[in-house]
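Time to open the notebook and go looking for links between side chains. I'll jot things down as I look them up.

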Amino acid sequence: QVQLVESGGGLVQAGGSLRLSCAASGSIFSNGTMGWYRQAPGRQRELVASITAVANTNYADSVNGRFTISRDNAKNTVYLQMNSLKPEDTAVYYCNARLWVINKGSDNYWGQGTQVTVSS
């Protein structure tokens, strides 16, 4: 069974930093694009950042220049370094990954979410 486990969320003051981690476990033999999404109350889930298997990155305009996504393929882990946080960054952050699983093939997986709260 494949699991994506996120960590690193919490409460921080505006201007502060947090680093999110997401580790995939299970019978994984390859990984593709991994990314972070977020969902604030009353709003749709939106893409924050993504990174391909060869480390090409893509960022939402609202976080470009403040957030950095990275990955460790050997550990099936993706990170999101968030700097200069703003109250509008407050949301539940979800990890997403395209994974190739032994005897199952390719599928899209989601983590359970981690709360990020930025106080003004």
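Predicted model: local features only at pLDDT ≥ 70, side-chain atom pairs only at ≥ 80, totals over all residues.

Next I checked the partner. A disulfide joins Cys 95 to Cys 22, with 2.1 Å from S to S. The pair links distant parts of the chain: Cys 22 sits in strand β3 and Cys 95 in strand β9, 73 residues apart. Cys 22 is at 0% relative accessibility too, so it also counts as buried. The angle about the S-S bond came out at -80 degrees, which makes this link left-handed. I searched the whole structure for disulfides and got 1.

Then I turned to charges. Reminder: side chains of opposite charge can pair when their charged atoms come close. How many salt bridges are there in the whole structure? The search gave 3.

I took Arg 38 next. Arg 38 meets Glu 46 in a salt bridge at 2.7 Å, N to O. Arg 38 also bridges to Asp 89, with the closest N and O atoms 3.0 Å apart.

Asp 89 has another bridge, to Arg 66, at 2.8 Å. Arg 66 lies in the loop between β6 and β7, 23 residues from Asp 89.

I looked up burial here as well. Arg 38 is buried at 6%, Asp 89 is buried at 1%, and Arg 66 is buried at 11%. Glu 46, at 29%, counts as partly exposed.

Last entry: Arg 38, Glu 46, Arg 66 and Asp 89 are linked in a network of salt bridges.

Definitions and conventions
Residues numbered from 1 in each chain as written. Heavy atoms only, no water. Disulfide = S-S within 2.5 Å. Helix = DSSP H or I, 4+ residues; strand = E, 2+ residues; numbered from the N terminus. Buried < 20%, exposed > 50% of the residue type's maximum accessible area, 1.4 Å probe, protein only. Salt bridge = Lys/Arg side-chain N within 4 Å of Asp/Glu carboxyl O.
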